[in-house]
Amino acid sequence: MPRRLAELSGVPPKTQAEVIVSHNPELPQQGYLLTYAETIRMEYADAAGLRYGQQTLDQLRALPLAQQRAVTIEDWPDFPRRAFMLDISRDRVPTRAGLRRLVDLLALARYNQLELYIEHTFAYADHQELWQDASPITAEDLRWLDDLCAGHGIELVPNQNTFGHWERWLALDTYLPRAENAEPQEFAGVLRPPSTLAPTPENAEFVTGLIEELTAHVRSHRINIGADETWELGTGVSRRRAEQEGLGAVFMDYVEQVAEPWIAQGYAVEFWADILGSHPELMDRVPEGSVPVVWLYDAPEHMATALERMSPRERAFNEAHGVETEQLRDFSSRAQSLIEAGVPFWVAPGAGSWLSFTGRLDNAISNILDAARTGISHGSEGFLLTCWGDFGHYDPLVISYAPIIFGGGISWSADSSAALEDSLADILNRHVFDDESEIIGRVLVDVGRVTDVLDAKIPNSSPLFRIIQQVGELEAHHIPSPDSVEEARRILISAAERLAEARPASAEGSIAVEEIAQAMRWSLFAADLFISGLLTGGPSEGQDAQREAQRLVDRMDALLADQQRVWLLSSRPGGLETSIGRFAPARRALARLADGR
């Protein structure tokens, strides 16, 4: 919904009504004023305003004749930059067809920026050893995507992590000498491989060369250099400096080294604010021309319950990874240090789809609202909706469609889009899938809420994912009650029956149906794992337990075969083997039980 809409007393325009278009620099940035009457008049602030005004005009013209009215609409965005980020480095790299569908969706929802999060999945000229099995995005792909985005009013912004999350690089002997610490490090009992670059001038120069390769193929003069979750910082190469100067100063020195050459060329530089936010003493060092991006992926009400139940072990794990648990309550807590210092920042909520199979839609909606309200109240220029792929990226992109649409509406106008949640299924059916049965959108919304039906509240993940992918790591408060699991099963079974009757006319409709069905099969399998109790302390001895374990093994084998087939509908083959391999521990555990061991 536009922020201002008023019905006029006159008649609506006829099919061939005259359209008078004029530039009005007094309108807000990206804004337009549209009079839809006997004569159509459109005033626009800039090229973007003209684009969005035309989009609105097209939607008005497409209304049924009985709904045609003479109206005036005035509209402009809350956030000048409304961005979406897709993780393409946790095994799943989309095909061009998948990227084209994404760009169409982003244009529909009025995003004007796209970032592909890269760790190792761009075909850098001198680093084939790194990406040769990953089916990476190539220079030609990037140029193609940049052209496609430009035609839809979307800016393609390079996003290459330059500090943390270098596991794939540092796993190779060629790059291991660049590590902060070449030895695996223990964090609260968990041994992690090297993942952080040493904050040296040589490494800053090295990552600059990578970014130069990316920027050569796109129009944008903006980059995202990452720099989040630098877990090993201060444990190796930089240990002495960190002890003498402080960990925050060492972090900021390196961020400046990476950012400043680009700022000097007129680029805007984004970087994640999780480390910065824990060091209030650094606020005066944020380089002019850069912007910290504050990320948080849980709804305030969900996190309040999760924090209340959080075990000492979980808190210790967070602290060992440099996460101040109380900062996770909401966006205002997460951004508090920047707010108090008056440092401009962006907000980055999540689509809530990763570490799940069918998403966490209610959590995503509340998380998006919290981000937008915090950003608006503190004058944030940018809103960046993130879609990560941690631990195998099993959720196909279609699972994130509802959060993408909601995020687009809320970041455009949080007040006028407050009721958008109730329209998501209808929008998906009419504007995305063209589903005359009106089924796909409703199914996506229903299964997106399955996690929220469960009464176990886990930060940033679904119990239905954790029971399969993190065998043996569930604590008692992570296990949902039998009644809530049965309710989840009921929703999934009903949705699967309805989905089989869907009749989408869109080009991607049949692919979407298969991908959604596969995501539901995994969620239903996980629910049945909980009911069996075999991996959560239930009966594991006796012939009945053995037979049930064997039935689950057989189901899992069929699901794994389906996963390989469905993955390739929208994603490249690189990364599939690694992603599939993450199911191995759960299968081994069930196979041992089936053998009576």
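The model is predicted, so local features need pLDDT of at least 70 and side-chain atom pairs count only at pLDDT 80 or more, while totals for chains, interfaces and linings use all residues. Residues are numbered from 1 along each chain as its sequence is written, and side-chain values use heavy atoms, with hydrogens and water left out.

Threonine 230 lies in the loop that runs between strand S11 (222–224) and helix H7 (239–245); helices (H or I, at least four residues) and strands (E, at least two) are DSSP runs numbered from the N terminus. Leaving aside residues up to four places away in sequence, threonine 230 touches Phe163, Gly164, Thr196, Phe251 and Ile275, where contact means heavy atoms within 4.5 Å.

Two packed helices are described by the angle between their axes and the distance between the axes. Here the axes are lines fitted to C-alpha atoms over the stretch in contact, and angles run from 0 to 180 degrees between N-to-C directions.

Helix H6 (residues 201–215) and helix H8 (residues 247–264) cross at roughly 40°, and their axes come within 10 Å. The crossing of H6 and H8 is right-handed, that is, the near helix is turned clockwise from the far one by less than a right angle. On the H6 side the contact involves Pro201, Asn203, Ala204, Val207, Thr208, Ile211, Glu212 and Thr215, which meet Tyr254, Gln257, Val258 and Trp262 of H8.

Helix H15 (residues 424–433) packs against helix H16 (residues 440–448) at an angle of about 135°, with the axes 7 Å apart. H15 and H16 are therefore oblique to each other (angles under 35 degrees count as roughly parallel, over 145 as roughly antiparallel, 65 to 115 as roughly perpendicular and the rest as oblique). This crossing of H15 and H16 is right-handed. Leu424, Ala425, Leu428, Asn429 and Phe433 of H15 make the contact with Ile440, Gly441, Arg442, Leu444 and Val445 of H16.

The structure holds zero disulfides, a disulfide being a pair of cysteine sulfur atoms within 2.5 Å. For cysteine 387, the closest cysteine sulfur is that of cysteine 149, 16 Å away and therefore too far for a bond. Cysteine 149 is buried at 0% relative accessibility, and cysteine 387 is buried with a relative accessible area of 1%.

Notes: Buried means under 20% relative accessible area, exposed over 50%, partly exposed in between (1.4 Å probe, protein chains only).
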